[in-house]
Amino acid sequence: MGKSWPWPSLTKLSFGIRSGEVIGVAAGVGVGKTSFWHSLEEHLIINHNDKIGVFMLEENNAKTLKMIAGKFKGKQFHRPDVDYDQAELDSALDELEDKIILYDHSEDRMWETVKAHIRHLVLVDGCKFIIVDPISELTAHLDGSKTNDELNRMFGELTAMAETLGFTAFYSSHLNAPDTGPTHEEGGRVKLAQLTGSRAMIKWSHYIIGLERNTQ
């Protein structure tokens with residue numbers, strides 16, 4: 001058995017979160033990937049006292065910290081219509097300082113740079129969990145024919161690092177629209193073949209979680 005998820009049913013289904021594994025999360029736009037990650041981060045810190053390295057490549061780091069701090073304090077610090085005391089936010093951020101490290105993605109989103117940062121986070125900073133959201137941002141500069149080859153190389157190296165260095169790697173993936181039926185934003189089923197760069201992800205991931213919700 002690995003360490004528990006925030007959701008007992010998922011812990012039962014997957015036998016927990018184990019080091020050395022690569023775990024994917026796939027969902028449509030606005031379905032809840034960000035909320036999923038922040039709930040997981042809160043759980044790993046509070047219940048397992050673990051350190052996390054986070055690469056939120058589509059979200060401003062200041063907003064990310066406010067959202068995570070809000071999980072701890074039960075208050076949505078990132079919302080402009082929520083009143084809060086600055087000291088309350090500062091206290092929450094101080095509690096997070098030694099537990100979560102955010103990658104500054106403002107300049108470089110290349111795999112070689114991210115890979116080096118992952119090694120440093122694990123070996124030097126002691127992070128037991130790494131989250132990359134979304135993994136496709138690391139290949140956004142490539143055309144379709146090169147993307148699959150690069151993803152296959154990236155996942156091969158990420159899996160080897162996770163196994164060798166003993167950490168758990170999480171990533172999220174965007175989805176291609178379904179050929180038939182409702183869209184993912186309307187509650188459509190998540191299928192492995194719909195993952196962007198699906199061949200590499202299916203090949204290297206220990207398992208992939210699909211989030212489904214009708215946002216309409």
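**Pocket and rings**

Modeller: Five nonpolar, six polar and four charged residues make up the lining of the largest pocket. Here Ala, Val, Leu, Ile, Met, Phe, Trp, Tyr, Cys and Pro count as nonpolar, Asp, Glu, Lys and Arg as charged, and the others, Gly among them, as polar. The model is predicted, so local features need pLDDT of at least 70 and side-chain atom pairs 80 or more, while totals for chains, interfaces and linings use all residues. Numbering runs from 1 along each chain as its sequence is written, and side-chain values use heavy atoms, without hydrogens and water.

Biologist: How much space lies in the largest pocket?

Modeller: About 250 Å³, taken as the space filled by probe spheres set on grid points joined across faces, edges and corners. A pocket is an open set of points on a 1 Å grid over the protein atoms alone, where a 1.4 Å probe fits, with protein on both sides within 12 Å along at least five of seven lines; lining residues have an atom within 4 Å of a point.

Biologist: Which lining residues are closest to its centre?

Modeller: G30, K33, T34, E58 and D133, out of 15.

Biologist: Switching to rings: how many aromatic pairs are there?

Modeller: Ten, counting Phe, Tyr and Trp (its six-membered ring) with centres within 6.5 Å; planes under 30 degrees apart are stacked, over 60 edge-to-face, the rest tilted. W37 and F170 are edge-to-face because their centres are 6.0 Å apart and their planes at 65°.

Biologist: Which aromatic cluster is W37 in?

Modeller: The one formed by W5, W7, F36, W37, F129 and F170.
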